[in-house]
Amino acid sequence: MTAFTTPTVVPSSSSSAVGPTAATLRRCSLVPTPSPRSSVAARVALAHPAALHMVASPPAAARAWTPDSWRTMPIKQTPTYPDQQEVEDVEKRLRGGLPLIFSGEADRLTDALARASQGKAFVLQGGDCAESFGEFAKYGGNNIADTFMVLMQMSIVLTYAIGPVVKIGRMAGQFAKPRSSAVERAKNAALSLPSYRGDMINGEAFEESARVPDPERMWTAFVQSTATMNLLRTLATGGALDLSRVQDINLKFVEGTPAGSRFSEYVRHVSNALRFMESCGVPVDSPALRAAEFYVSHEALLLPYEESLCRPGARDSGKVYATSGHFLWLGDRTRQVDGAHVEFLRGIANPIGIKCGPTLDPAELLQLLAILNPDNIPGRITLITRMGAGKIATGLPPLIRAVQSAGAVVTWVCDPMHGNTESSPSGYKTRSFENVLLEVRGFFAVHAAEGSIAGGLHLELTGQDVTECVGGMQALSHEDLANRYESTCDPRLNASQALELAFLVAETVGGRCYI
């Protein structure tokens, strides 16, 4: 596999991304192939002919890597534990625990993400902002099953309109959250306490004792993640994606709305297509139509936990996998090129994501790609953009052009949630469905204009009927937020809004939809 080097010049306009000058900057290859979005892939091939030739170069990161080499680097967004011995005791227990995922599964996800980078698949990644110990105890795992089912329903819609869908949950490890401030203040009070950083680190209750970081929470998160994985594996192989039962999609949220009959028509079209296949002798009872390949992901934030769950690969013991999840991502607040989080992620063999906010400089992005994927392995890097509806049109093109100029192979995914958070007049943190949709449509429009491939979506959602985001077909208002606001961190799309978004994305990307 060829290596990656950062170009000395970053293009500032679309015209500079093509032609002789840009050709001299390309050091690695994106080889376009026919796909469901073949017209875009063809434009990539025509606009970047030099990218068809691989040029080897030295690795960007020459120093030796070990699972604990991050401990020598500067670190941000990390708790200070009062008793280090307790931390080491928990780490020892985690090192003796069974892996949550297997290395071969992570490799299959890398291959699937590589297909998405070529337009041969579409990524759907979604789940809670932050998993909760309390919600798991309250619903007994039903909340996980509900979220899994809404992701399956969304994937059926997207598969019919676009093509194969790579399904990834923000589950079984998404317990820690970065915070913009180390302290927070109670409403209408002068008391300040350390910020709540997710159930894996400290407690949500606004009490001094609850906010003390407790390493035992890492073990609780591991136990809950193990139970979550057991449930997800059962659901994934138990017929949840049985296309012969597509008519069972829950359409209660559109009952009484003008679009209700159109959703039913969509389901009828899928059922008719399956009946046609069967009448032609094409088997529709194969495992591929009844089982779902489902992966789990989370932000790699609490590195003692991640390090403790590193294991050698089953087929290649020279590789190290983070077995806490199939896919880990680097947050917008921890992407320092000389930081501990980048150091940890560069050495693991899992596919990894990079959150790309409006403050990310194109030159910094190329540095990150050189460190995290020096061999330019397809499917290794997913760039998750989180710009905001008002910034996507200007913030995304420079990043795309920089990546194209370097010939880096990446999968582009849109996170339309984090850049669209706002404060409600009622005091709740919320997001507007309309702004979420605007950013999604802007994401696809920019990629089409730049001759790039828009590869998927990254969403904060739940299968529960919560009231945390305003708008959508249900027309939730700011006054409705108090009815059932359950998130401990950021607002999530409810099941209705999530499935509605899937239909609208299918219309935007696939050119056909029944809404």
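Which residues does Ala112 touch, not counting residues up to four places away in sequence?

Reply: Happy to. Ala112 touches Ala121 and Val166 once residues up to four places away in sequence are set aside; contact here means heavy atoms within 4.5 Å. This is a predicted model, in which local features need pLDDT of at least 70 and side-chain atom pairs count only at pLDDT 80 or more, while totals for chains, interfaces and linings use all residues. Residues are numbered from 1 along each chain as its sequence is written, and side-chain values use heavy atoms, leaving out hydrogens and water.

Ala112 is found in helix H4 (helices are DSSP runs of H or I, at least four residues, and strands are runs of E, at least two, numbered from the N terminus). With 5% relative accessibility, Ala112 counts as buried, that is, under 20% relative accessible area, where exposed is over 50% and partly exposed lies in between (1.4 Å probe, protein chains only). Ala112 also lies 9.1 Å from Phe122, C-alpha to C-alpha, with the two 10 residues apart in sequence.

Glu105 sits in H4 too, which runs over residues 103-117. Glu105 is buried, at 11% relative accessible area. Apart from its neighbours within four places in sequence, Glu105 is in contact with Arg233, Tyr295 and His326.

Let's move on to helix H7, residues 216-237. H7 has 22 residues and reaches 32 Å from its first C-alpha to its last, close to the expected 32 Å (1.5 Å times one less than the number of residues). Among the buried residues of H7 are Met218, Phe222, Thr228, Met229 and Leu232. The cover over the buried residues of H7 includes helices H3 (84-95), H5 (133-139), H6 (142-161) and H10 (303-308), along with strand E5 (294-299).

Further along, helix H13 (residues 392-406) packs with helix H12 (residues 362-372) at an angle of about 45 degrees, their axes 9 Å apart. In H12, Pro362, Leu365, Leu366 and Leu369 meet Pro398, Leu399, Ala402, Val403 and Ala406 of H13. H13 is mostly covered, with 11 of its 15 residues buried; Ile392, Leu396, Ile400 and Arg401 are among them. The end C-alpha atoms of H13 are 21 Å apart, in agreement with the 21 Å that its 15 residues should span. After H13 comes Gly407, with a positive phi near 70 degrees.

Methods: Axes fitted to C-alpha atoms, helices over the stretch in contact; angles between N-to-C directions.
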